[in-house]
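This report describes one protein structure in plain terms.

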Amino acid sequence: MKKRVYSAMRPTGELHIGHYFGAVKNWIKMQEEYDCFFAVADWHALTTNYDNPENIKEIRRQMVLSWLAAGLDVEKAPIFIQSHNLYTAELYLLLGMFTPVSWLERCPSYKDMINTLSHKDLSNYGFLGYPVLMTADIIMYLANLVPVGVDQVPHVELAREIVRRFNNFYGEIFVEPESMLTNVPKLPGLDGRKMSKSLNNTILLTEDADIIEKKIKTMITDTKRQRKTDAGDPNVCPVFDYHKVFSTDEERAKIIEGCTKAEIGCIECKKILINNVENFICPIREKKKVLDKEIQNIDEFLAPSQKKANDFAAILMEKVRKAIKI
Ligand code: SF4
């Protein structure tokens with residue numbers, strides 16, 4: 001039997017290439033190898049964006065269209081909306097009854113996020129409790145594996161602790177999920193910092209060709225290389241990080257040689273990148289345009305996937321209620 005994978009993404013903005021190489025690319029591979037459930041975690045978006053929910057619905061739709069354009073297939077793995085499965089809210093509530101608050105307060109991401117989002121008031125209960133909601137998401141589908149980056153491992157560990165506590169109190173119902181560390185290439189933002197919508201340093205997965213060109217032209221390079229006649233160091237250049245993802249071995253070898261010997265200028269180097277990024281993005285952008293016209297109602301399109309997820313949850317929640325004797 002195939003192992004089950006659960007993964008989700010918050011609908012907080014349009015997908016960028018960091019999302020693709022950080023998650024979606026792996027999902028596309030996993031849908032062939034595992035029994036996958038992929039979700040749009042819209043309740044999670046509310047834990048930090050509770051004061052600005054207006055766009056969540058449209059972003060949710062755009063996000064699913066981008067996933068489909070990139071290669072996810074609902075015939076291979078269901079894609080569903082978290083908030084359309086109310087059993088998740090029930091499980092979240094029940095898990096909250098016995099999850100110690102201290103477990104949540106010690107989550108490293110809790111303090112990190114409060115510092116990162118210092119402009120927001122994150123003293124809300126939902127934000128503190130979001131690892132419990134994440135646990136409900138994962139264990140609802142009896143997922144064995146959760147693809148995560150290193151920073152998310154503590155959340156999966158917490159989910160395992162919550163499962164152990166539940167199974168200990170009420171009997172063996174849930175499966176302890178395991179983190180599945182995925183290979184993610186380094187892809188910084190255009191300014192060399194972490195790629196993030198809020199830092200305005202991203203390239204969207206469906207970016208137009210002229211914007212791709214404009215954005216890459218303004219990318220930071222090896223800051224010590226002032227002129228073409230100065231030798232550069234691709235190892236400290238964000239443009240080269242992109243070449244590692246988008247260019248061929250042959251192109252990279254040519255750039256290393258040319259940059260370190262001051263034989264190639266940054267403009268020429270970026271031209272190669274512009275061309276390769278456009279070649280990668282173009283089919284996704286065009287496919288998404290077609291899907292955007294074809295799929296007007298995303299909820300209707302996802303209905304069979306949603307049913308699969310909800311039916312699975314309904315059966316499980318019957319067992320949970322019986323176990324808790326409620
Ligand atoms: Fe970076 Fe390319 Fe310029 Fe070298 S030639 S510093 S790798 S942009």
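The domain assignment divides the protein into domain 1 (4–187 + 296–324) and domain 2 (206–288). The model is predicted. Between the C-alpha centres of domain 1 and domain 2 there are 35 Å. Eight residues from domain 1 and eight residues from domain 2 make up the contact. On the side of domain 1 that touches domain 2, helix α3 (residues 56–70) gives the most, with four residues.

Next comes the ligand. There are 14 residues around the ligand, and Gly232, Cys237, Cys259, Cys266 and Cys269 come nearest. Two or more residues of this shell come from each of α11 (238–246), α12 (249–260) and α13 (266–294). The most is given by α13, with three residues.

The last part concerns a single residue. Ile138 sits in helix α8 (residues 130–140). Is Ile138 buried or exposed? Ile138 counts as buried because it has 29 C-beta neighbours inside 10 Å, and the cut-off for buried is 20 or more. If neighbours within four places in sequence are left aside, Ile138 is in contact with Tyr6, Ala143, Val146, Ala159 and Pro177. Thr48 lies 90 residues from Ile138 in sequence, and the C-alpha to C-alpha distance between Thr48 and Ile138 is 20 Å.

Terms used:
Residues numbered from 1 in each chain as written. Predicted model: local features only at pLDDT ≥ 70, side-chain atom pairs only at ≥ 80, totals over all residues. Domains from an automatic or database assignment. Contact = placed C-beta atoms within 7 Å. Buried ≥ 20, exposed ≤ 12 C-beta atoms within 10 Å, placed from the backbone. Near = placed C-beta within 6 Å.
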